[in-house]
Amino acid sequence: MAKLEKINIQDIKTKAEKKDIYLYNDFLASTGYVAIKPDDIQRFEKWDLNEVFVEDNTSLDIEVSADFDKFLREYKVFKKIYLNVIKKVKNNLGGYKNNNLVNINELNEIIDEILDIVNRNLSIVLQLLNLSNLPKTEEYYVRSLNVSLISMIIGRAMKFSENRVKKLGLGAILYDIGLVKVPEKILDKIGRFTPEEYAEVKKHTVYGYKLLKSSFRFEEDLAMISLMHHEYFNGKGYPRGLSGNQINIYSKIISIAHAVEKVMKPMRIASSKSKSDVHKSTFSIMLEKSNEGKKKDVSLYDAVKEIIHSANTKYDPNISKTFVSIFTVYPIGSIVLLNDKRKGLVFAVNPNFPIRPVIKILSNENGEFINDGEIINLLETNQLFIAGVDRDNNFLQEVKSKILDPENEK
């Protein structure tokens, strides 16, 4: 990529007209084919950005389809596959805590199945990450699956060989296996951890490394996944405070995938609460702490925002760039608000023009749900643009119940 020029937000109109605009060096945020409007600058400011960068176009290998009916048909098929894979992961990993047995051949078959659906339709896979109302009892298995899934998407985009992508996926699905060695009385504790208890929780990284080396006989680079997945790019993670290239590349990828899962967790389990949820363990509270105040309206958009804001500090900037290039600023499944007050569902992206996705209109100007809205490729119009991400959780649930996941299909 050619050298980029840094410019202040205030100078965008004069210095970036008809140029592509990037965030944090390499994140394409706006294309020169669309005129810059005051609303665009305001959106950058809302993201707490003081400066951006300009350079020529780049390209991404993502298929663009404006066929919403095809999107829905394939989503429903892939959803069944995904839910079935969750059951397989649960059957495979569920007994480990009791009998220390995992069928690695079966686990490799699961990885092959995950990679197959990623290769067949990436857009649908990204939509699957928006699924909610999943049983809380399956949270660990869903998290393990999704971290593996996201990690393989990143590895694939980084041009890893297929064997290396599978290797990454296998390590990722077992990245948190060390938690089985943390005493249940600590993980299930109600109330604040003592310093000693919190130190024991953080040991799950070391426990996981030892398990992957001894029980699973993994090679060093795979075993390091468990040891290093809480290390930060700036050296402020644990257990060893490593930084930059001291951190295993697989671990840096999985660190991003884990962060995405942590942001998305409240959405996934928000509607599946039981009476026992009022007695959450300290460990559960600790995992959810960073999402306080967002439990009803988090989305992939928030996950992308977290990675962008923490690139260069928590996460490797180059791997973060790759993640954002695939998930984009307005990810698949986002409900966006247009400048004419209508709402739409993002179901396809234009890789070189991430702020101009393809959307299905799902409301009128008054925000009322409609089922027969038009399909708009924002790249093909200069009259419409995205004014923001819709935060109306009631509307999102209406979209899910009437369009994506009708009750009679559950």
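Analyst: A definition comes before the cavities: a cavity is a set of grid points where a 1.4 Å probe fits but cannot get out, and its lining residues have an atom within 4 Å of a point. Please note also that this is a predicted model.

User: Which residues lie nearest the centre of the largest cavity?
Analyst: Ser299, Gly333, Ile335, Asp390 and Leu396 lie nearest the centre, out of 20 lining residues.

User: And which helix gives the most to that lining?
Analyst: Helix H17, residues 393-404, gives the most, with five residues.

User: Ile335 was in that list. What does isoleucine 335 stand opposite?
Analyst: Isoleucine 335 stands opposite leucine 345 in E6. Strand E5 (residues 335-338) pairs with strand E6 (residues 343-348) over three bridges, in the antiparallel sense. The hairpin of E5 and E6 has four residues between the strands, and lysine 341 there takes a positive phi near 80 degrees.

User: What about E5 and E9, over how many bridges do they pair?
Analyst: E5 and E9 pair over three bridges, again in the antiparallel sense. Valine 336 has valine 389 in E9 as its bridge partner.

User: In what order do the strands of the sheet come?
Analyst: The order is E8-E7-E6-E5-E9, five strands in an open sheet with antiparallel pairing. Strand E8 (375-377) and strand E9 (386-389) stand at the edges with a single partner strand each, so one side of each is left without a neighbour in the sheet. On average, neighbouring strands of this sheet are turned by 40 degrees against each other, direction ignored.

User: Let us turn to helices. Which residues of helix H11 are buried?
Analyst: In helix H11, residues 204-214, the buried residues are His204, Thr205, Gly208, Tyr209, Leu211 and Leu212. Seen down the axis of H11, these buried residues fall within an arc of 165 degrees, so they line one face of the helix.

User: Why would residues three or four places apart point the same way?
Analyst: An α-helix has 3.6 residues a turn, so residues at that spacing point the same way.

User: What covers the buried residues of H11?
Analyst: The cover includes helix H4 (96-99), helix H10 (195-202) and helix H12 (220-228).

User: And helix H2, which residues are buried there?
Analyst: The buried residues of helix H2 (residues 38-46) are Asp40, Ile41, Arg43 and Phe44. Down the axis of H2 they fall within an arc of 155 degrees, so the buried residues line one face of this helix. Pro38 and Lys46, on the other side of H2, are exposed. Aspartate 48, which follows H2, has a positive phi near 60 degrees.

User: One more residue: where is the place of lysine 76?
Analyst: Lysine 76 is in helix H3, residues 68-93. Leucine 128 is 52 residues from lysine 76 along the chain, yet their C-alpha atoms are separated by 9.6 Å.

User: Finally, the whole chain: how many helices and strands are there?
Analyst: The protein chain has 17 helices and nine strands. Of its 410 residues, 55% count as buried. Among contacts between residues at least 6 apart in sequence, 68% join residues at least 24 apart.

Key
Residues numbered from 1 in each chain as written. Predicted model: local features only at pLDDT ≥ 70, side-chain atom pairs only at ≥ 80, totals over all residues. Heavy atoms only, no water. Pairing = 2+ DSSP bridges. Helix = DSSP H or I, 4+ residues; strand = E, 2+ residues; numbered from the N terminus. Axes fitted to C-alpha atoms, helices over the stretch in contact; angles between N-to-C directions. Buried < 20%, exposed > 50% of the residue type's maximum accessible area, 1.4 Å probe, protein only. Arc of directions from axis to C-beta. Contact = heavy atoms within 4.5 Å. 1 Å grid on protein atoms, 1.4 Å probe; cavity = no way out; pocket = protein on both sides within 12 Å on 5 of 7 lines; lining within 4 Å.
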